[in-house]
Amino acid sequence: MSDRAAASGACDGAGLLAACEAAGALLARHAEAINALNVFPVPDGDTGKNMLLTMRAALDAARAGHAAGETGAGALAALVARGALLGSRGNSGVILSQILRGLARGFGDAATFDGARLAAAVREAAATAYRAVQQPVEGTMLTVIREAAEAAESAVGREPDLPPAAVLDRALAAARTALARTPDLLPRLREAGVIDAGGQGVVTLLEGAAAAAHGEPLPEAGVATAPAAPGDRLADFLAAHEDDEFGYCTNLMLLARPGERLDFPAVRGRLLALGASGVVSGDEELVKVHIHTEHPGAVLEEALRWGELSEIRIDNMNAQVRGVATGRPAPPPTDGAAAGPQVVAVASGAGLTAALRGLGATAVVAGGQTMNPSTAELLRAVEALPGDEVLLLPNNPNVLLSARQVAGLTAKRVAVVPTRSVPQGIAALAAANFDAGLDDNAAAMTAALAAVRSGEVTRAVRDATIDGVSVTAGEVIGLLDGSLCCSGPTLPDVLLDLLDRMDAPVAELITLYRGAATTEEDAARMVELLESRYSAAAVELVDGGQPHYEYLVGVE
C-alpha cells in the first residue's frame, strides 16, 4: 500500500498485488495439507495444488502488468482474474478463478478502493462463484466465500469508514466459522473427519491477504484436519453432480435494441435457469446463447424480453438420440481436413492416449488424476485444430469445470461431453458419427454414457471411512463411478467385488485398462480370472499405462 493510499484509508494497486502475493505464498505453504483434506483416500486429492496453480497463473499476469507500469487496483484485479481463468485447474481452480473475476468486477476501473468498496467486491466475488456452478452445494468453498462476503458487508454497514484491513479481518473471521461448519452441511466431510478442502483454501488465501494488509508476517498456523462438533445429520446429502438432459438444443444470437444495452448478468441468469448444459456468453451489445431445454419456446420468449433475435437454430436432440446407430464409426479423416467436428480428449498414459486416438480423438491433452490440465491448456488444444467445431471430453470429474470455460474463450463452437472417466470417453467416441454436426454428436455421445459404468482400483493413501467403507493406508480399494465402494487386502478380491457391483455377471463387455505399475503377467492372469468368472462377457485388456491406478475398468 502506498503512503498516499494508506493516509486516505484506501488501498492501491501495489497494495492489492502485495495482498495477492501473500495469499499465494501462504497457499503454497499449505497446499499439501489442503490436498490431504480430500474426502476420498485416493492419490488425487489435489484441491490445494489446483488452487495454487490457478493462483500462480493469476499472479504471473498481475506481475507482468505491474512491471509494464499498471498501478490501478481495478486494472490489476482484472489481470489477476484473466490469468486465473486461463490457468484454472480442476473444479476448485475454476471456482477460485470466478471468485477473482467477481473481485475484479467489484473494483471496476478504480485506482484505489476503501473498505466499503472491498466489501462490495467480495460480495460480487461470492455471487460470481455461485453463478459459475449450475447446482451450487453448501458446505463447500462457495459457502465459505459467501459467509465471508456477508460479514464484510455487515461490518461496513455498521461502520462505513472501516478500512480495508479491518474489512478483511471481519471476512476472515466469518470464513473460519463457515469452514468449521462445513461438516455439518456435508455428512461425507463429517464421516471422513475433515473440513472442506476448497473452503480451507479460501480461508488460507484470506489469511495471507489479511497479513499483508496489516504489514505482518504470514501466520504459522497450519491446516485443520478435524471438523467442529457434529451437528444434526442432514436428511438428504446435497449432490454435487448435475444431471445431463436432452430435449431441444436451442441456439440464438441476442442483440441489444438500437440505443439500448443488455443487462448481461441478468440475461445470463434468466436464460440459464430455463435449461441445462447452458453456455451464455457476450456483453452489453451481443449475447450468444446455447442451451438444452424441453421448452425452446420459453427460451425464445425470454430472450425477446431483452432484445432482438438472430441466427435461431433449434435441434431435436431426443430424435437424434433415438436415431443413433449402434455400430462403431470410422475415425475422422487424418489429412487435416475439417470434415466434421474435431475431438479433444484428456488422458494420462500412452495406452489410453492411443485408444482414444484410435477411436477418432484428434488431440489428447495429458492429464487426469493428480494433474488436471488448465483451461489454457485445453484452449490451446482447441485453437490448434483445423475445424470450427470441437467436442471436448474431460474424462475426469475434476476437469469438467475447466473444460466448460473453454467455450467462452474461443470463437469456435465447443461442446463438452460430460465424460467422467476414460472408459466413458471411449464409449462416447464409439457412439460418434463424424459425418454429422457438433450438436448431433454431443447428444449421441452424451447418451452413450448411460450404457457404461466405470471402475477404478488403486491403493488408499490414508486411513478413512467413507460411505460406510473403512480403509487403511496401503489397502486396495475400489471406486465405482467415482464413489468408494469396496476395499480389501488383495487386488484380485477387490477387483472382483468391484465388478460384481458393476453388474459384470450380466455384462456383454468388460474392458480392463492396465496401469503403469501393473505387469503384463499380472494383467494376463487377471484376464483369465475374469473370463472364468464372467463367462457371458467378452473381456478385453488394454495397456493403458495410467499412473496411480492399477486398473481402470469399463463394463457395458
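1. Let's start with Glu159, which is partly exposed because its relative accessible area is 38%. (Buried means under 20% relative accessible area, exposed over 50%, and partly exposed in between, using a 1.4 Å probe and protein chains only.) Bear in mind that this is a predicted model: local features need pLDDT of at least 70, side-chain atom pairs count only at pLDDT 80 or more, and totals for chains, interfaces and linings use all residues. Residues are numbered from 1 along each chain as its sequence is written, and side-chain values use heavy atoms, with hydrogens and water left out.

2. What does Glu159 pair with? Its side chain meets that of Arg170 in a salt bridge, at 3.4 Å from N to O. (A salt bridge here is a side-chain nitrogen of Lys or Arg within 4 Å of a carboxyl oxygen of Asp or Glu.) Arg170 sits in helix H8 (residues 164-185) and Glu159 in the loop between H7 and H8, so the pair ties together parts 11 residues apart in sequence. Helices (H or I, at least four residues) and strands (E, at least two) are DSSP runs, numbered from the N terminus. Arg170 is partly exposed too, at 31%.

3. Next, have a look at Arg261 and Glu284: their closest N and O atoms are 2.8 Å apart in a salt bridge. Arg261 is in the loop between strand E1 (248-255) and helix H11 (264-272), and Glu284 in the loop between strand E2 (276-282) and strand E3 (286-293), so the bridge ties together parts 23 residues apart in sequence. Arg261 is exposed, at 58%, while Glu284 is partly exposed, at 41%.

4. Glu550 and Arg459 also form a salt bridge, 3.4 Å from N to O. This one links distant parts of the chain, 91 residues apart: Glu550 is in the loop between strand E15 (538-546) and strand E16 (551-555), and Arg459 in strand E9 (residues 453-459). Glu550 is buried at 16%, but Arg459 is partly exposed at 37%.

5. How many salt bridges are there in the whole structure? A search finds 23. Some residues join up: Glu138, Arg146, Glu147, Glu150 and Arg181 are linked in a network of salt bridges.

6. Finally, find Thr375 in helix H15 (residues 375-384). Thr375 is buried, with a relative accessible area of 0%. Leaving aside residues up to four places away in sequence, Thr375 touches Leu85, Leu86, Ser88, Ser402, Gln405, Val406 and Leu409. (Contact means heavy atoms within 4.5 Å.)
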